[in-house]
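Please keep the model open while you read this note. The points below go residue by residue, then turn to a pocket.

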Amino acid sequence: MLLVLGLSHHSSPVTLRERFAFAEARIPVALQLLRDSGAAEEAVILSTCNRVEIYAGTLVDPRRAFAELEEFLVTIHDYRDPLSDEIYRLTEPQSIHHLFKVACGLDSMVLGETEILGQLKRAYDLALQHGHTGGRLNKVFQRAFNAAKHIRASTNIQRGNVSVGSVAVELAEKIFSRLNERQVMIIGAGDTGEKTARSLLSRGARSIIVANRSHEKAVALASELGGRAIQFHDWTGEFAGIDIIISSTAAPHFILDRVRLEPLMRLRRNRPLLIIDLAVPRDIEPEVNLMPNVFLYNIDDLQTIADQSLRQRQAEISLCEQIIREKAAALLEGSGLRDAGGKIRPLGSGRGRFAKQDRQSTVGRDRDCVGHKLPASDQRLVGHATKTHGRIDRGCDRVVAAVSAAISLVLRSPRRAPLQLS
């Protein structure tokens with residue numbers, strides 16, 4: 001059976017999600033500990049800025065399995081406060097539907113975004129490479145990736161841009177065709193301006209110049225973006241080489257009007273200039289937009305374009321969900337996943353435990369890494385088991401069972417020191 005336990009932007013704030021986040025380098029060790037605890041036979045951990053989820057293949061009763069998965073999650077992160085609605089728990093078929101929706105971007109903060117599919121593939125590949133997936137999870141994840149591909153090709157759920165930064169990039173590419181060799185200036189150091197600049201850089205913009213009233217903030221932001229900081233009052237001196245301006249100051253008045261811009265445009269020989277005014281109140285006088293080769297967009301303009309794209313995506317939700325239902329039903333009906341009476345059996349039920357060689361191969365794979373992360377007493381247990389594994393052939397199953405029981409006992413003990421992955 002596939003179980004999902006997790007928390008996301010739908011159920012919890014970022015202050016809680018960050019407490020449960022896993023660094024990618026530490027996930028293989030966490031997966032080993034999870035499987036050795038007996039809570040799951042197969043597992044994938046997905047950890048992004050918007051969600052932390054454990055996908056577990058198990059034959060354990062769901063109520064018991066969820067209790068063990070939650071205990072693992074709070075213990076490994078040394079979290080001691082109570083949890084209730086912040087964590088969701090899904091069994092089949094809801095767990096399969098959820099995985100498919102995540103893969104397709106239907107569960108994302110930005111509806112239909114594609115970044116989550118790449119993150120999900122990396123999470124699956126990481127578990128696969130370290131031997132923590134088997135027949136059940138391999139099949140479910142491959143079908144999820146297939147569903148995402150189908151939905152991307154046959155619907156409009158991923159068409160158009162739905163964030164201010166992505167809309168700005170779209171406008172820039174329409175004006176300049178290509179962003180290569182285009183120079184960007186940020187006036188002010190607001191969060192939205194920074195995100196917009198990052199979006200432009202990711203699409204090939206050449207460099208970033210940052211001007212801010214606080215020069216220290218300008219230097220810090222320029223360093224993060226690989227750009228150059230200048231004094232705030234010097235920004236007009238850089239104007240001749242600028243192609244795109246992102247302005248987001250807190251000034252109570254216009255910092256650029258038509259009278260001031262006209263001579264600056266002559267210095268630029270009237271090359272096209274894109275100005276993104278993200279400030280409220282606005283930084284740029286609206287009359288600027290009447291000048292030749294000047295393209296001015298304020299925050300409302302960008303949001304209007306983003307909202308239009310979002311409405312187009314929302315219109316595709318029902319079609320996407322229908323495709324997901326059909327794909328999930330086909331998965332549950334395939335490979336003997338319905339019993340003789342036509343009822344759905346848990347995915348993988350009746351197939352027995354992991355193959356002996358698969359289970360054995362996980363013992364000792366990460367023994368050096370695990371040994372450094374557990375308390376001294378547990379290090380001795382794992383060290384003894386992994387050394388024995390090299391000498392024992394027929395008795396390996398008994399060693400694995402003993403190690404799993406010992407670590408499971410340690411995980412459940414309220415008095416033990418928290419697990420450390422760093």
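1. Start with R269. At 77% relative accessibility, R269 counts as exposed (exposed means over 50% relative accessible area, buried under 20%, partly exposed in between, with a 1.4 Å probe and protein chains only). R269 sits in the loop between α10 and β9. Its phi is near 55°, a positive value in a residue other than glycine.

2. A word on the source. This is a predicted model, where local features need pLDDT of at least 70, side-chain atom pairs count only at pLDDT 80 or more, and totals for chains, interfaces and linings use all residues. Residues are numbered from 1 along each chain as its sequence is written, and side-chain values use heavy atoms, leaving out hydrogens and water.

3. Now S177. Phi of S177 is near 65°, which is positive in a residue other than glycine. S177 lies in the loop between α7 and β5 (183-187). Helices (H or I, at least four residues) and strands (E, at least two) are DSSP runs, numbered from the N terminus. S177 counts as exposed, because its relative accessibility is 58%.

4. Is S248 buried or exposed? S248 is buried, with a relative accessible area of 15%. Look for S248 in the loop between β8 (244-247) and α10 (258-267). Leaving aside neighbours within four places in sequence, S248 is in contact with residues including I187, G190, L278 and D283 (contact means heavy atoms within 4.5 Å).

5. Check two cis peptide bonds. One runs from E92 to P93, with omega near 5°. P93 lies in the loop between β4 (88-90) and α4 (94-104). Another runs from V280 to P281, with omega near 0°. P281 lies in the loop between β9 (273-277) and β10 (294-298).

6. Last, the largest pocket. About 1100 Å³ of space lies in it. Of the 33 residues that line the largest pocket, the closest to its centre are V110, E113, E115, S163 and S166. A pocket is found on a 1 Å grid over the protein atoms alone: it is an open set of points where a 1.4 Å probe fits, with protein on both sides within 12 Å along at least five of seven lines, and lining residues have an atom within 4 Å of a point. Grid points are joined across faces, edges and corners, and the volume is the space filled by probe spheres set on the points.

7. Who supplies the lining? α5 (115-129), α7 (164-176) and α8 (191-202) each give at least two residues of the lining of the largest pocket.
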